[in-house]
Amino acid sequence: MSSTDPDPVPVPVPGPDADADALLGPADIRELAARLGVRPTKQRGQNFVIDANTVRRIVRTAGVRSEDVVVEVGPGLGSLTLALLEAADRVTAIEIDDVLAAALPATVGARLPHRADHFALVHSDALRVTELPGPAPTALVANLPYNVAVPVLLHMLGRFPTIERTLVMVQSEVADRLAAPPGSKVYGVPSVKAAWYAHVKRAGAIGRNVFWPAPNVDSGLVSLIRRDEPLRTTATREQVFAVVDAAFAQRRKTLRAALAGWAGSAGAAEEALRAAGVSPQARGEALTVEDFAAIAEHGPAA
């Protein structure tokens, strides 16, 4: 993990006017971006939230409490960060962009000076983060970059088991896949892997006009409440996820055929499926995460 103290950017950050809201509005966002010479890039899936009511709604929907330690991925210019800092005990933001990472502490200090010591910045790729400064996180709240949303979400849930509640804003199509139940046309790898960790549901829709630049797709909120107890299985997460990946790599095939490579042969796959109580003629989209775990228990590496 890289330094949590990026070099400061020598750009003055305007604080809120007297008695004004500390949150960033459209004019604040554009002024701050202009001062920093920042333009959102498609390469990093950057779309900055410019509506204060939207970030308040996200914090409210996430159920952020005053004792929470929140981790945020991809804070950008700080729209959601400031709203989280007003509600939580501590906020740790993970930002990969050099300019944005260096500027965010100054924005927090200018807009919420009395909360600045409750904020930490990790300048790193979220997919490479293995530890966080300060107390263990209890919640993950983020507007996730569209191009890495699922990998980042699964990495954070897997790496930080103290995260009890998650609310992420993602592309609407991704939100549908994450929250899809078995049998749904969009049920797949993200659905099953998210269900390994948590109870997942759609938590609302977000319009395009609250972003700068406005994306070409709608966004959705996804709520994930971590399971009270881990899934009961003798298989490891890696073993279960290997079955999931194999099943959906050829989702139109029956599991007997789709899992042949994983099991070593179609016959071995059928044996594992029957031992798990799953029909060899079924397809991956019909199975629950518990079914996949049962298959993994009878697999070649079990």
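In which kind of crossing does H3 pass H4? H3 passes H4 in a right-handed crossing; a crossing is right-handed if the near helix is turned clockwise from the far one by less than a right angle, and left-handed if anticlockwise. This is a predicted model, in which local features need pLDDT of at least 70 and side-chain atom pairs count only at pLDDT 80 or more, while totals for chains, interfaces and linings use all residues. Residues are numbered from 1 along each chain as its sequence is written, and side-chain values use heavy atoms, with hydrogens and water left out. Helices (H or I, at least four residues) and strands (E, at least two) are DSSP runs, numbered from the N terminus.

**Helix H3 against helix H4**

- Helix H3 covers residues 79-87 and helix H4 covers residues 98-111. The two pack at an angle of about 50 degrees, and their axes are 11 Å apart. Axes are lines fitted to C-alpha atoms, for helices over the stretch in contact, and angles run from 0 to 180 degrees between N-to-C directions.
- H3 and H4 are therefore oblique to each other. Angles under 35 degrees count as roughly parallel, over 145 as roughly antiparallel, 65 to 115 as roughly perpendicular and the rest as oblique.
- On the H3 side, the contact (heavy atoms within 4.5 Å) is made by Thr81, Leu82 and Leu85. On the H4 side, Leu104, Val108 and Arg111 take part.
- By type, the residues of the contact of H3 with H4 are four nonpolar, one polar and one charged. Here Ala, Val, Leu, Ile, Met, Phe, Trp, Tyr, Cys and Pro count as nonpolar, Asp, Glu, Lys and Arg as charged, and the others, Gly among them, as polar.

**Helix H2 against helix H3**

- H2 and H3 pack at an angle of about 45 degrees, with 9 Å between their axes. That makes H2 oblique to H3.
- H2 passes H3 in a right-handed crossing.
- Val55, Ile58 and Val59 of H2 meet Ser79, Leu80, Ala83, Leu84 and Ala87 of H3. The residues of this contact of H2 with H3 divide into seven nonpolar, one polar and no charged.
- H3 is mostly covered, with seven of its nine residues buried; buried means under 20% relative accessible area, exposed over 50%, and partly exposed in between (1.4 Å probe, protein chains only). The buried residues of H3 are Ser79, Leu80, Thr81, Leu82, Ala83, Leu84 and Leu85.

**Val59 in helix H2**

- Val59 is found in helix H2, which covers residues 52-62. Val59 is buried, with a relative accessible area of 9%.
- Not counting residues up to four places away in sequence, Val59 touches Val64, Leu80, Ala83, Leu84 and Ala87.
- From Val59 to Ala293 there are 234 residues in sequence and 34 Å in space, C-alpha to C-alpha.

**The seven-stranded sheet**

- An open sheet of seven strands, with mixed pairing, has the order E4-E3-E2-E5-E6-E9-E7. Two strands pair if DSSP finds at least two bridges between them.
- Strand E4 (119-123) and strand E7 (198-206) are the edge strands, and each pairs on one side only.
- On average, neighbouring strands of this sheet are turned by 20 degrees against each other, direction ignored.

**Strand E5 and its neighbours**

- Strand E2 (residues 69-73) and strand E5 (residues 139-143) run parallel and are joined by two bridges. Val70 stands opposite Ala139 in E5, and Val71 stands opposite Leu140.
- Five bridges join E5 to strand E6 (residues 165-171), and these two strands run parallel. In E6, Arg165 is the bridge partner of Ala139.
- Five of the five residues of E5 are buried, so E5 is largely enclosed by the rest of the structure. Ala139, Val141 and Asn143 on one side are buried, as are Leu140 and Ala142 on the other.

**Two loop positions**

- Gly74 lies in the loop between E2 and H3. Gly74 is partly exposed, with a relative accessible area of 25%.
- Gly74 touches Ile94, Glu95 and Asn143, not counting residues up to four places away in sequence.
- Pro213 lies in the loop between strand E8 (211-212) and strand E9 (219-226). A cis peptide bond joins Trp212 and Pro213, with omega about -10 degrees.
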